[in-house]
Amino acid sequence: MKPVYFFGGGKADGSASDKNLLGGKGANLAEMTTLGIPVPPGFTISTEVCRHYMEHDNYPDNLERQVRDVLNQVENIMGQTFGDAENPLLVSVRSGARQSMPGMMETVLNVGLTSKTIPGLIEKSNDERFVYDAYRRLITMYADVVMEKAAVIELSEGKGIREKLDKILEKMKKQNGATNDAELSAKNLKELCDIFKSTIKDTLKNEFPDDSNTQLWGSITAVFKSWNGKRAVSYRNIENIPHDWGTAVNIQAMVFGNMGDGCATGVAFTRNPATGENNFYGEWLPNAQGEDVVAGLRTPNPLNQMSRSHESGSLPSLEEMMPDIYVKLDAIQNQLEYHYKDMQDIEFTIQNERLWMLQTRVGKRNGTAAIRMAVEMTEEGLIDEQTTLMRVKPEQLDEIMHPMLDMEVEKQSKVLAIGLPAGPGGGSGQIVFTADDAESWHKDGKRVILVRSETSPEDVHGMYASEAILTSRGGMTSHAALVARGWGKCCVVGCSDLSISTQEKSLSVNGTTLNEGDWLTVNGSSGKVYPGAIPLKDVNLNKNPYFKKLMEMTDHQRKLGVRTNADSPADAIKAREFGAEGIGLCRTEHMFFDPKRISAMREMIVAEDENERRKAIMKLLPHQKKDFYGILKAMAPHPVTIRLLDPPLHEFLPQEPDQMEQLAKDLDISANELKMRIENLHEQNPMLGHRGCRLGISYPEITEMQARAIFEATVQLVLENMSPLPEVMVPLVGSVAEFIHQRKIIDSEALKVKDESGTQFKYLVGTMIELPRACATADQIAKEAQFFSFGTNDLTQTVFGFSRDDIGGFLPDYLEEKILPHDPFQSIDQNGVGTLVKMGVEKGRDVNPKLKIGICGEHGGDPESIRFFHDSGLNYVSCSPFRVPIARLAAAQAQLQN
Ligand code: PEP
Ligand code: MG
């Protein structure tokens, strides 16, 4: 193994392609050097050395000699010598992993300052103050990083060496009437360094080393060790970064932005990372070191006119103050962006009017900026369409489709509790605890957040009126989550720390109690809940030409179709605007909660016999026909998959005394009789009970009515010269016999409607595949069904044996213990549930190679899952309207990744 890679003077051992070996920072320093960009010379100790060190607790044999050799090369270029009394070289020692882990690992600057080298540097720089300022920074960093953290000395919270030294610095400023560090004199700083050193000895029982070489190796080892520091380990856990990658260490000649006038330091982006505009954008500070810009102690100056912000007001720009340097910097940023073909985040230092580049890397950006940059770079000819599509993360589309919380304010807000991120965007409003209150407060012009233990279909009106929905129970496919996602409404579910008292209209969480009317803010994209109001940033997609272009590009590439889950004409129209190519799931049960219909529905459910049931059903027929007419029309000529009634019937039963009374009256029976009938319908396990096609088998007249409503609506549209395409779908089929039973009824209704109307029309009859047995017998079912649609919500429920509605109670433990890598109701469990999906596809296509297969569970809007469905050979995914663009992009990316 080659442990050490040199860069400097226009030559480098490594290049940008060596990220795995040199880390991102080291690889890019090498690349910039070869490009002829001014980079202070230095070298990178590779990640292989880090791995060796972790395994053997020791360095490879020849490392010290190699480091000495390359340090010589650096010394030659700089005309300085490390540890030399007259003309000392100082170096920085920084971490640099393969994937950026911002702030998670350590850095030591100004390494090499000792009682031997200090006088020489003072002589050379002619600036005693600067030297002691650099020295006190070195002492602080070294004590913290090397002597405390790397030595695993655990001081109690707030008692760490850095805190102690910072306090001493503050005291020194106070004593000398200084408002900032820059006002401390050389004498002050020198005294400060002495106090620092004795404090370190008292606290850490060890001397700050007065030898350049000891400092160098102490720093190198500390940076390697910081790979396994607490912060770094938990960051890798969150970001799924493998723990065995290791970090590289970059040792580089120091250049100083704090050596007086003519010195400066700054950070910049080659395009605006917040808006995506193609403007060079950044901040700088005269006479400062890099950490001062990041620490935010001084308000940075704008780089140029375009970077001027409210805060930087009239501070002079670099363009104004150092025009020659600015021109050079601008040329370099152009060169870097052109070379890397992506927006770069750069760091620079100016020492005595000489410009040095310290870092370049691909810059982080928000969703709006990501889309604009990617599209504009294609138009500029910088990247091709494929690259453009891979540049934007599907979640970044989510960001621009919903109002989001103001990030700056959110960052400074205290998190009250965390639940599951069930509906995107942000919501802020006053707390209410019932759906009726939500509706009436909303009517009074108030913004409300509906807080419930869980929601039921009876809450829908209040959910609709709310800015956001927050529940303490339920998972990603709970009622609240499904409904909210369908509307693109902000929602957090399963926030189990909340205890809610609907009676007292209050909630308590982690020691805080909030009452009705108190303000609350919810981030449905992260699951975080905040007390008080956080402002929102609005969006308008129609005004975003870049979004439109990007969506067009997705359609050039993708093979997988994208449909939507919608059960109202309004949702269907919204989904068409987003590019849906049909409806993959229309859940008919959502149509019955309208107050005008629910009573007929209830009559149907508690009917004593077929006769009574038919009477109630016939009241529902005209409503259903109207629904189907609207949806088929909104989607024509695209297909609409309409699923027959699916949910357990008790969901529709009356709960309140007045509802019971009304129903008894409608049915002309006594309250007692009604109570008995309802009790008879009670089930221990409704999710596994009398639902799905079992309903249509027990009560064929329900299937008859629904099929008739679909076909009569179809006829009406055909007569209006439209081309409706209904696909009737039978839910929860576990055996082919169930399907055959239902299909017979559907086909026979179709025949009757054709005969009665004298009108021909096209339709299909297919089934949901959402039970393990359906996957296992898919070959038999495929002989009878014209299409399959995987219901991965129920399939996940039945494969795992996890209740969809109750997973919120134990999922956090499973995630914490890493028993599950993620919520399987959100992203498909490829090994388990996915194997059954593949089995269903194979068996189905064995019998019918042309069988059309889709998926309409919640996973249809999840990018990871979409890739899996693409690879499994499905024809389309179906998801809520607001996820259609995300699915289009994810489908294109899945195709490109092949
Ligand atoms: C499913 O089970 O995946 C599905 C789409 O149906 P539902 O969520 O309505 O049960
Ligand atoms: Mg289902």
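Which helices do the buried residues of helix 20 pack against? The views below take this up and then turn to other sites.

The model is predicted: local features need pLDDT of at least 70, side-chain atom pairs count only at pLDDT 80 or more, and totals for chains, interfaces and linings use all residues. Residues are numbered from 1 along each chain as its sequence is written, chains are lettered from A and ligands numbered from 1 in the order in which they are written, and side-chain values use heavy atoms, with hydrogens and water left out.

**View 1. Helix 20 and its packing partners.** Helix 20 covers residues 545–557. Helices (H or I, at least four residues) and strands (E, at least two) are DSSP runs, numbered from the N terminus. Its 13 residues reach 19 Å from first C-alpha to last, close to the 18 Å expected at 1.5 Å a residue; the expected span is 1.5 Å times one less than the number of residues. Tyr 546, Phe 547, Leu 550, Met 551, Met 553, Thr 554 and Gln 557 are its buried residues. Buried means under 20% relative accessible area, exposed over 50%, and partly exposed in between (1.4 Å probe, protein chains only). Seen down the axis of helix 20, the buried residues fall within an arc of 160°, so they line one face. The arc is that of the directions from the helix axis to the C-beta atoms. These residues pack against helix 13 (367–379), helix 14 (385–391), helix 15 (394–401) and helix 35 (884–897). Contact means heavy atoms within 4.5 Å. Lys 548 and His 556 are exposed on the other side of helix 20.

**View 2. The N-terminal cap of helix 20.** Asn 544 is the capping residue. One of its side-chain oxygens lies 3.1 Å from the backbone nitrogen of Tyr 546.

**View 3. The magnesium ion, ligand 2.** Glu 770 (OE) and Asp 794 (OD) coordinate the ion at 2.0 to 2.1 Å. Glu 770 lies in the loop between strand 31 (764–769) and helix 29 (772–776), and Asp 794 in helix 31 (residues 792–800), so the pair ties together parts that are 24 residues apart in sequence. Both Glu 770 and Asp 794 are buried. Donors are N, O and S atoms within 2.8 Å of the metal (3.2 Å for Na, K and Ca); water is not among the atoms, so sites may look incomplete.

**View 4. The largest nonpolar core.** Of its 110 residues, Phe 711, Phe 788 and Phe 790 touch the most other members. Helix 23 (residues 610–635) gives the most to this core, with 10 residues. Apart from it lies another core, of 73 residues, including Phe 82 and Leu 165. A nonpolar core is a set of buried Ala, Val, Leu, Ile, Met, Phe, Trp, Tyr and Cys residues joined through side-chain atoms within 4.5 Å.

**View 5. The cis peptide bond at Pro 637.** The bond from Ala 636 to Pro 637 is cis, with omega near 5°. Pro 637 sits in the loop between helix 23 and strand 29 (639–643).

**View 6. Glu 353, a non-glycine with positive phi.** Its phi is about 65°. Glu 353 lies in the loop between strand 12 (344–351) and strand 13 (354–362). Glu 353 is exposed, with a relative accessible area of 55%.

Definitions and conventions:
A polar contact is a pair of N or O atoms within 3.5 Å; within protein, one must be able to donate a hydrogen and the other to accept it, and residues adjacent in sequence count only if both atoms are side-chain atoms.
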